[in-house]
Amino acid sequence: MSKRSKYDLDSIPQDPPYLQPGALVEIQPPEFGYEGPWHIATIVQRATPIHSNRFVVRFTHLFQDEKTGNRPLRMFNLGDIRPHPPPQRPRKFKNGDHADAYHNNGWWDGVIVQELKNGNYLFRFNSDNQWPKFVEFGVNKLRLHRTWFNGNWIPPLEASEIAVEEVQREEEPTKKTMEMEEYNERALVEVANDEDGPNRAWYAAIIVTPVGNKRYLIQYTTMRTDDNSGFFGKVMDTLHIRPRPPDIEVPDQFVMLDQVDAFYKGGWWKGVIIKVLSDDSKYHVYLATHEEMEFKHSELRLHQDWIDGKWTKPSPGVHL
C-alpha cells in the first residue's frame, strides 16, 4: 500500500453511531426556516466527496411522491442533523416549561401554557409560521425540549426518562391536488390579498366577469374607493378566491380556544378566543397576525377552512 493511499484511508471521517446507515435522526430542513420543526429521517449514507460533511437521508413522513408513493433521497449538511432521541416516558409538565410538541409529523419548539382539567396541556408554538398558535396536546405528544450541542443533549437525557415503547405518531395527512374552482358571474366569494402576507384576511366580493387563465375581475363589497364613489375592483386569480363560507349557527357565547374569524378593517381575520370578558358579549382574540384585540360577539364568526373544494370546521381538541 502506498503512503498516499494509507493517508487517504486514515483521513476518512469516523462517523458516530447516529450517523451510520440505517440510523434514525431528526432533521430541520433549511427551507422551513430556523423556527421550523424537526422531522424524522433515516441515514442512507455519507455523501461524496467524503469530506463534505453532508449526508443522504430519506424522511419517514415528508416529501412522498403522490404518483409512486416513494420518498426521494435528500442531502443535508451535518449541522441540520441531530440524533432522534429515544421515546420518553410521559411526564408531568409545569406552566412555562420549555417543551416540544409532535404536530404535523414534526417536533415543534414551544412552551407549556396551562394544564387542562382533562389532563392535556395547552401548548404555545414559538414559531411565527405555525397557526393556530395555541394547541391542546396529550402528554404522549409532548417531550421536554432539548438542544443537541457538541455531541450531547442539553439538558441531559436520563435513563429513567426513556420509555419502553415508541410514542404514537400522528398519521400523515392524505395529499390531494386541489382543483382550481370556477366561478360564475355575480357569484358571491371571498378574496385575499398577497400584500397581507400568509396571515391574510378574506374580504367579501362579487365575481364581475372571467378574464381568462383562471383569473376574474372581482368587486369588493366592503372596501370603497377613496372618493367613496363606489367599491374597489381588481383582477385576481383563483388561488386568491374562494366561495363564501356557508352560514352556520353562531353560539350564544364563544368559549376559550374557539377558532373564529374576526371582522376588522373590512375583512375576516383568523384568530382564537383567549379571554371571555365578564359581560359575555366581548372577547379578547389572538389573531394570526400575532396581535391581541377585543371584539364584540357580533364581529365574530366560527372559523371554517376551504380544503380540497370543501368547507370544513377545525377538529375539536386538536386545532383549537
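**Close-up views of a predicted model**

**View 1. Asn77 in strand 4.** Asn77 takes its place in strand 4, which covers residues 74–77, in a model that is predicted rather than determined by experiment. With a relative accessibility of 35%, Asn77 counts as partly exposed. Once neighbours within four places in sequence are set aside, Asn77 is in contact with Asn53 and Arg54, and the C-alpha of Asn77 lies 9.2 Å from that of Val56, a residue 21 positions apart from Asn77 in sequence.

**View 2. Arg82 and the residues around it.** Arg82 belongs to strand 5 (residues 81–83) and, because its relative accessibility is 5%, counts as buried. Not counting residues up to four places away in sequence, Arg82 touches Tyr18, Val25, Glu26, Trp38, Asp100, Arg143, Arg146, Trp148 and Trp153. With one of these residues, Trp38, the arrangement is specific: Arg82 lies over the face of Trp38, at 4.0 Å from the ring centre.

**View 3. The aromatic pair of Tyr18 and Trp148.** The model holds 16 aromatic pairs. Among them is the edge-to-face pair of Tyr18 and Trp148, with 5.5 Å from centre to centre and 75° between the planes. Tyr18 comes from the loop between helix 1 (3–10) and strand 1 (24–27), whereas Trp148 comes from strand 11 (residues 147–149), so this pair ties together parts that are 130 residues apart in sequence. Tyr18 is buried, at a relative accessible area of 18%, while Trp148, at 23% relative accessibility, is partly exposed.

**View 4. An aromatic cluster.** Phe123 and Phe125 form an edge-to-face pair, because their ring centres are 5.1 Å apart and their planes stand at 85°; both residues are buried. Ring pairs link Phe123 and Phe125 with Trp108 and Phe137 into a cluster.

**View 5. Arg91 over Phe93.** The charged end of Arg91 sits over the ring of Phe93, at 5.7 Å from the centre of that ring.

**View 6. The largest nonpolar core.** This core has 23 residues, of which Val191, Ile218, Ile241, Val285 and Leu300 touch the most other members. At least two core residues come from each of several strands, including strand 13 (188–191), strand 15 (215–224) and strand 20 (282–287), and at least three come from each of domain 3 (187–243) and domain 4 (258–305). Leaving aside neighbours within four places in sequence, Leu300 is in contact with Phe254, Val260, Asp261, Ala262, Trp268, Ile273, Tyr283, Val285 and Phe295. Apart from this core lies another, of 12 residues, among them Ala41, Ile43, Phe59 and Ile81.

Key
Residues are numbered from 1 along each chain as its sequence is written. This is a predicted model: local features need pLDDT of at least 70, side-chain atom pairs count only at pLDDT 80 or more; totals for chains, interfaces and linings use all residues. Side-chain values use heavy atoms; hydrogens and water are left out. Helices (H or I, at least four residues) and strands (E, at least two) are DSSP runs, numbered from the N terminus. Buried means under 20% relative accessible area, exposed over 50%, partly exposed in between (1.4 Å probe, protein chains only). Contact means heavy atoms within 4.5 Å. A nonpolar core is a set of buried Ala, Val, Leu, Ile, Met, Phe, Trp, Tyr and Cys residues joined through side-chain atoms within 4.5 Å. Domain bounds come from an automatic or database domain assignment. Rings of Phe, Tyr and Trp (its six-membered ring) pair if their centres lie within 6.5 Å; planes under 30 degrees apart count as stacked, over 60 as edge-to-face and the rest as tilted. A charge sits over a ring if NZ of Lys or CZ of Arg is within 6 Å of the ring centre and within 35 degrees of the ring normal.
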